[in-house]
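These are my notebook entries on a single protein chain. I set down what I looked up, entry by entry.

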Amino acid sequence: MIKGSSAERHPLRLFLARFWPHPLTVSKKHVVIAGLGAGIGLVLTSLLSHWMLGELNLWFVAPVGASAVLLFGLPASPLAQPWAIVGGNTLSALAGVTVSQLIPDPAIACGVAACVAILLMFQLRCLHPPGGAVALTAILGGPSVEQLGYQFVLTPIMLNSLTLALLALLFNNLAGRRYPHPLAPQEVKPEPIAMPVSLTRADLHQALQGGELLDIDEDDLQELLLRAEEIAGCRQVNG
């Protein structure tokens with residue numbers, strides 16, 4: 001009788017091992033670019049917000065800090081595109097303000113606002129995780145946010161989001177990154193290449209390490225490629 005592997009005999013150990021963080025596959029150049037871009041973007045956004053509003057309120061700037069991580073650290077992610085930050089944050093603010101005026105209980109209001117914000121972002125193709133924080137800020141931001149009402153949606157949220165998106169457009173393109181990242185329908189897409197050899201996880205790791213950070217690790221990418229190969233094989237057989 002063949003005994004199972006150590007991992008199969010110790011599923012708890014295997015589960016706990018998943019919590020060990022994998023190394024981020026990104027070049028050092030893009031690490032520096034991400035840090036500089038986020039820092040410069042937040043300084044300029046904060047200064048503009050302070051100039052427009054007359055005071056610097058951390059509640060206004062905090063969700064934008066999360067947006068900066070995406071726009072400058074993961075500019076290739078669908079969650080970091082210009083419409084994602086502007087539309088996602090603005091719609092989330094709108095949902096938060098509206099729900100706060102309809103539901104007096106903050107705990108219930110927070111849950112409803114987050115739910116509505118996520119549904120809106122999915123429906124309008126602008127999913128942006130910091131939008132959840134924006135929706136909660138509209139409810140928990142205190143008297144100053146409550147006093148602003150729907151003005152909170154325009155200033156500071158839309159103002160900050162637009163400013164950061166414009167700075168990301170400028171900075172990322174100056175740094176040699178394609179941003180917005182998706183190719184337009186008219187642009188020439190790379191032709192599919194027949195692979196004479198199988199790609200290993202080490203190959204994928206080396207390829208990912210040579211560029212900017214992508215929101216996928218080697219294991220998920222390898223699984224996706226294998227699934228695509230299976231689909232292509234079925235297509236050739238049935239075609």
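This is a predicted model: local features need pLDDT of at least 70, side-chain atom pairs count only at pLDDT 80 or more; totals for chains, interfaces and linings use all residues.

Entry 1, Val31. I began with Val31, which counts as partly exposed at 48% relative accessibility; buried means under 20% relative accessible area, exposed over 50%, and partly exposed in between, with a 1.4 Å probe and protein chains only. Val31 has its place in helix 3.

Residues are numbered from 1 along each chain as its sequence is written, and side-chain values use heavy atoms, with hydrogens and water left out.

I find 11 helices and zero strands in the protein chain; helices (H or I, at least four residues) and strands (E, at least two) are DSSP runs numbered from the N terminus. Of its 239 residues, 36% count as buried. Among contacts (heavy atoms within 4.5 Å) with a separation of 6 or more, 74% are accounted for by residues 24 or more positions apart.

I returned to helix 3, which covers residues 28-53 and holds Val43. Val43 is partly exposed, with a relative accessible area of 47%.

I recorded about 220 Å³ of space in the second largest pocket. A pocket here is an open set of points on a 1 Å grid over the protein atoms alone, where a 1.4 Å probe fits, with protein on both sides within 12 Å along at least five of seven lines; lining residues have an atom within 4 Å of a point. The volume is the space filled by probe spheres set on the points, which are joined across faces, edges and corners. The lining has 13 residues, and Ser100, Gln101, Ala138, Ile139 and Glu146 lie nearest the centre. Two or more lining residues come from each of helix 5 (82-102), helix 6 (106-123), helix 7 (130-140) and helix 8 (143-148). Helix 5 gives the largest share, three residues.

I placed Asn173 in helix 9, residues 151-174. Is Asn173 buried or partly exposed? Asn173 counts as partly exposed, at 42% relative accessibility. Leaving aside residues up to four places away in sequence, Asn173 touches Ala168 and Tyr179.
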